[in-house]
Each structure stands twice: as structure tokens, then as C-alpha cells.
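Work through the exercises below with the model open. Each task is followed by a stepwise solution.

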Amino acid sequence: MAGASRGALWRLKTLIIPQSTTQLRLFSSEIQIPETQVINPRIIEPKPGVMSKHSKRTGLIAIKCGMSAVWDKWGARVPVSVLWFDDNVVSQVKTVEKEGIFALQVGCSHKKPKHLTKPELGHFRAQGVPLKRKLREFPVTEDALLPVGTTINVRHFVPGQYVDVTGITRGKGFQGGMKRHGFVGGPASHGASLSHRSIGSTGQRDDAGKVFKGKKMPGRMGGKQRTVKNVWVYKIDPLRNLMWVKGQVPGAVGNFLFVKDAFGEKLENTELYPFPTYFTPEDEDDEALVPITADLGEIDPFMAAD
């Protein structure tokens, strides 16, 4: 016993002197182990439906192509951002029975196997979908679920609607107070010496004698996730999977953006939304796909929004 390990002594003690009724149950033959409950997998059919005011569709992943400009029928030049939806596919479906939520994982763009980790490769092979470069999970309602492998194109959105665009802003590096927070700076000529762009005083004297937390000071600028809300969709190109939205969206050219239906501004007629998404007809001809522009109406929407 002198050379026995502590674990071996503990196991021997529990066999000789049971410590609780729980351990006695382990040796009882009267206890019946309940059979494991098998949960039937949910059957999801890709069929069009009717969107209600409580329904929530999935979002898509886009690539920022850059800025452009368009001229409306009033002759005004309006800046727009061009987004490219590169082969968005549903890569995983999460349900309440298994994961506790209703959500869709969407993959965008392509990637070589050598650029993926083994867990990532195993995930794609288990789902039976192509290798994707970027993944994003979008919470949805139960009636907006789509089966794995469903391809979603730019016609998921409707010209004239509003969307929320999320992305990583441009990284500016370490910047001073004038550029980072818009400080005025010190005097440019009289009474200043090598402190023209200084932020000035940061604390007090005896009271309180310290710098309070959250004080605006020089530091890292940009490189954070930000969301631009209520972005107006001006035009879509179904053939090239391009979408033009009014104004600026976060991120540099080539960055991934996450686009979903706006939470604040929604179309009054929910039947205009393709629900749960737009299903391409089998007899659709690519030559018939032409860009679709939003109806500007009698009032200039660019001027009215301002």
C-alpha cells in the first residue's frame, strides 16, 4: 500500500465502503437505464412562402467593390457603394431541437483546401457543401429556414428597400487627438512651441487629481466592427450579383460585409420581399436578366432622405 497511488487508494475505498446512495445504485441490478430519445430531424423544404410582420429573413455576405456615382432623373449626382454577392450558399441549419435557436449559417466565396484548417474541412465535408472563404450566422424565424446547399443570389433583396450593412472599418493606426476625436489643437502662431497638435490638459490639480476613465486621448483608430443602418438599395444586377446602395458602407475595398434587412425601416407591403428567399426558375435565361432599378417616384428620394 505504501507505493500505491492516491487514485488507486480512493477507488479501493469506494468499492469497500460506499460513500453515498448514488454509489450503491451503480451496483444495483434493479436500476434500468432509460433509452436515449431519438429526435427526428426537421424536414425543410425550399418553397416560396408569405412573409409576415414577425418573420425574419436571413442575411447575405458581400464583398465591397468600391464607390461609384449615379445620376438620377433630376440630374443630381449621387454617390453609391457597389457590393458583390459572390456565391452565397447555406452551409448549416441550426434549429431549436439541436442548437436551441433558429439560424442559418451562410458561406461566401471559394477557398482552396490547403488554406483551411482540419476542423474547417471537416465542417464543410459533414455538411456536404463547397469550401467557403467566409462564414456568417444569421438568426431567422422558423418559417424562414432554408435547406443546406441552397444558393442565394442578389435578388434576395428588392430595389427600394433598406438594409443594415456591417463591416470592419478602415484601420488608421495610432493617431493623435485632432484626427481621432476632432480636437481643435493649440494656437498656430502666438504662444505655442512644438505643441500645435497637442490635446492640451488631461487632468485637474488637487481635485480630483487624476485622469478619468474614458478620456479622449491619442490611440488606435479604426479597425472596429460598425453597422450602417437604413442603407437604401438603389439598383441590383442579377446577372453579375451586384448591388448599388446609397452612400458609404464600412470597410476597405475587398473586405467582407454582412447585409440584412433593415431593423428600423421596412417596406409597408411585406409581400414585396422574396420569402424566405428568391428561388431561380429552371427555365430562366441569363440573357433576360437585366439590372433592376428602384422606382424613384415623383419626389427625389436622395433629397428627401436628407
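**Exercise 1: Confidence**

This is a predicted model. The mean pLDDT of the chain is 86, and 84% of its residues reach 70 or more.

Task: Find where the pLDDT is below 50, and state how many contacts that stretch has beyond near neighbours in sequence.

Solution. 
- Step 1. The pLDDT is below 50 over residues 20-31.

**Exercise 2: Thr58**

Task: Locate Thr58. Is Thr58 buried or exposed? Which residues does Thr58 touch?

Solution. 
- Step 1. Thr58 sits in the loop between helix H2 (21-26) and strand S1 (60-71).
- Step 2. The relative accessibility of Thr58 is 0%. Buried means under 20%. Thr58 therefore counts as buried.
- Step 3. Leave out residues up to four places away in sequence; Thr58 then touches Leu104, Val106, Phe138, Val140, Ile152 and His156.

**Exercise 3: The sheet**

Task: Give the strand order of the open sheet of 4 strands. Which strands stand at the edges? What does helix H3 touch?

Solution. 
- Step 1. The order is S5-S4-S3-S6, and the pairing is antiparallel.
- Step 2. Strands S5 (132-139) and S6 (151-152) each have a single partner strand, so they stand at the edges, with one side of each lacking a neighbour in the sheet.
- Step 3. S4 (residues 103-110) pairs with S5 over 7 bridges, in the antiparallel sense. Here His110 is opposite Lys132 in S5.
- Step 4. Helix H3 (residues 118-127) packs on the sheet and touches strand S3 (88-94), S4 and S5. The direction of H3 makes about 85° with that of S3.

Notes:
Residues numbered from 1 in each chain as written. Predicted model: local features only at pLDDT ≥ 70, side-chain atom pairs only at ≥ 80, totals over all residues. Heavy atoms only, no water. pLDDT = per-residue confidence, 0-100. Contact = heavy atoms within 4.5 Å. Helix = DSSP H or I, 4+ residues; strand = E, 2+ residues; numbered from the N terminus. Buried < 20%, exposed > 50% of the residue type's maximum accessible area, 1.4 Å probe, protein only. Pairing = 2+ DSSP bridges. Axes fitted to C-alpha atoms, helices over the stretch in contact; angles between N-to-C directions.
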